[in-house]
Amino acid sequence: MGDGDVSGLRSDPLKIDRGIPSQLDRVPKVATALEHRGYHGCWTGEISHDPFLPLLLAAEHTTHLEIGTNIAVAFARNPMTVANIGWDLQTYSRGRFNLGLGTQIQPHIEKRFSMPWSHPVRRMREFVTALHEIWSCWHDGTRLSFDGEFYTHKLMTPMFVPEPQPHGVPKIFLAAVGPAMTRLCGEVADGLLAHAFTTRRYLDEVTTPALLDGMSRTGRRRSDFQVACPVFVVTGETAEDMRTAAAATRKQVAFYGSTPAYRPVLDLHGWGDLHTDLHRMSKRGEWDAMGELIDDEVLAAFAVVAPLDSVADRLRERCAGVIDRVLPAFPAGLPETAVTTVLHQMRAQPAAAERSQP
């Protein structure tokens with residue numbers, strides 16, 4: 001397994017990231033503010049807008065903030081188109097672009113994007129391999145000759161090769177929940193994008209073992225890899241703020257818990273019946289009532305629930321030994337001054353739990 005430790009975090013301090021809006025007119029102001037407040041990176045998702053265009057503006061209005069997609073839908077595209085845009089964003093940002101890819105689910109790929117779906121893990125492996133083959137052609141001058149099961153890229157005349165750039169190729173992050181995709185992530189990617197519907201126990205008992213197994217197959221080191229994970233945060237300046245934040249987070253947890261793809265997270269905790277109830281209620285459109293099924297024990301498993309003065313320590317404890325980049329999902333109504341204070345505390349002296357990691 002190479003010459004490095006496969007069980008610990010990267011040697012870098014915990015990175016703190018945040019999402020940015022997809023509406024283009026809002027990006028410059030938000031990205032500038034995030035960099036000023038000391039965030040390490042920002043991410044865009046592919047929901048109702050293109051995930052790449054906002055990152056161009058974010059790169060233009062910042063100097064050291066990392067930018068990335070969390071996620072861009074891989075199977076809605078092909079490796080050549082993604083290679084092009086990844087190369088250009090890496091060039092323009094001077095090496096700050098992280099390419100986060102996900103599979104989406106079969107109905108969206110076939111019925112929304114009108115693209116083929118089959119064997120998602122095998123297809124994603126090939127997608128990533130093809131990306132590296134294309135980038136190698138452009139960066140190192142190798143002959144492009146990729147002929148796979150799902151993708152073929154064998155034509156690259158000089159006029160289609162982009163200009164050289166000194167920043168290397170983007171890091172590739174893959175979204176993964178189940179063991180098979182997580183194992184693939186450890187084999188071929190530079191980072192893993194965990195889902196918000198993830199508990200610390202699931203990370204310890206499912207995600208990390210599968211990730212390390214994948215790394216062992218290709219001789220890679222955990223210290224060269226990054227795990228990024230959103231974490232729900234329930235906090236507030238008053239008791240009423242805490243109750244409001246808790247109610248909103250219960251609804252979010254209930255929504256994800258009703259999705260069959262995420263049932264294994266609940267099953268691990270012995271909460272499979274909760275999924276059955278939530279799924280049934282979701283079919284009836286009982287969205288508000290679903291949140292009432294998320295009791296305090298379930299809420300605490302999926303969220304950091306703490307008063308403002310201890311949120312930073314609780315977040316570090318949640319991340320210690322497994323998460324390298326955290327995206328804290330602060331309550332919508334929390335003042336930005338309070339968020340900034342938490343960030344300063346997180347960047348201060350690490351909590352004992354974090355210092356004790358090997």
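A: Asp 213 and Arg 217 are 4 residues apart in helix H7, which places them about one helical turn from each other. Helices (H or I, at least four residues) and strands (E, at least two) are DSSP runs numbered from the N terminus. The model is predicted: local features require pLDDT of at least 70 and side-chain atom pairs count only at pLDDT 80 or more, whereas totals for chains, interfaces and linings use all residues. Residues are numbered from 1 along each chain as its sequence is written, and side-chain values use heavy atoms, with hydrogens and water left out.

The two residues form a salt bridge, with the closest N and O atoms of Asp 213 and Arg 217 lying 3.1 Å apart. The term denotes a side-chain nitrogen of Lys or Arg within 4 Å of a carboxyl oxygen of Asp or Glu. Asp 213 is partly exposed at 27% relative accessibility, whereas Arg 217 is exposed at 52%. Here buried stands for under 20% relative accessible area, exposed for over 50%, and partly exposed for values in between (1.4 Å probe, protein chains only). The pair also belongs to a network of salt bridges that links Arg 125, Arg 183, Glu 187, Asp 213 and Arg 217.

H7 (residues 200-218) holds a further pair, Arg 200 and Asp 204, which are likewise 4 residues apart, about one turn of the helix. Their closest N and O atoms are 3.0 Å apart. Arg 200 is partly exposed, at 23% relative accessible area, and Asp 204 is partly exposed at 37%.

In total, 25 salt bridges are counted. One of them joins Arg 77 to Asp 50, with the closest N and O atoms 4.0 Å apart. Arg 77 lies in the loop between strand S4 (72-73) and H3, and Asp 50 in the loop between strand S2 (41-44) and helix H2 (53-60), so this pair ties together parts 27 residues apart in sequence. Arg 77 is buried at 16% relative accessible area, while Asp 50 is partly exposed at 32%.

Helix H5 (residues 120-140) has 21 residues and spans 29 Å from its first C-alpha to its last, close to the 30 Å expected at 1.5 Å a residue. That expectation is 1.5 Å times one less than the number of residues. The buried residues of H5 include Met 124, Phe 127, Leu 131, Trp 135 and Trp 138. Among the elements that cover the buried residues of H5 are helix H3 (79-92), strand S5 (97-102), strand S8 (171-175) and helix H6 (179-188). Gly 141 follows H5 and has a positive phi, near 80°.

The largest nonpolar core has 83 residues, of which Leu 99, Leu 101, Met 124, Leu 131, Trp 138, Leu 174 and Val 326 touch the most other members. H5 contributes the most to this core, with 9 residues. A nonpolar core is a set of buried Ala, Val, Leu, Ile, Met, Phe, Trp, Tyr and Cys residues joined through side-chain atoms within 4.5 Å. Leaving aside residues up to four places away in sequence, the contacts of Leu 99 include Phe 52, Val 82, Leu 131, Trp 135 and Ile 172; contact means heavy atoms within 4.5 Å.

S12 pairs in the parallel sense with S1 (residues 15-19) over 2 bridges, and Ile 16 stands opposite Val 326. S12 also pairs in the parallel sense with S10 (residues 226-234), over 5 bridges, and there Pro 230 stands opposite Leu 327. Strands count as paired if DSSP finds at least two bridges between them.

The aromatic pairs number 10. Rings of Phe, Tyr and Trp (its six-membered ring) pair if their centres lie within 6.5 Å; planes under 30 degrees apart count as stacked, over 60 as edge-to-face and the rest as tilted. Phe 127 and Tyr 151 have ring centres 5.5 Å apart and planes at 90°, so their pair is edge-to-face. Phe 127 lies in helix H5 and Tyr 151 in the loop between S6 and S7, so the pair ties together parts 24 residues apart in sequence. Both Phe 127 and Tyr 151 are buried.
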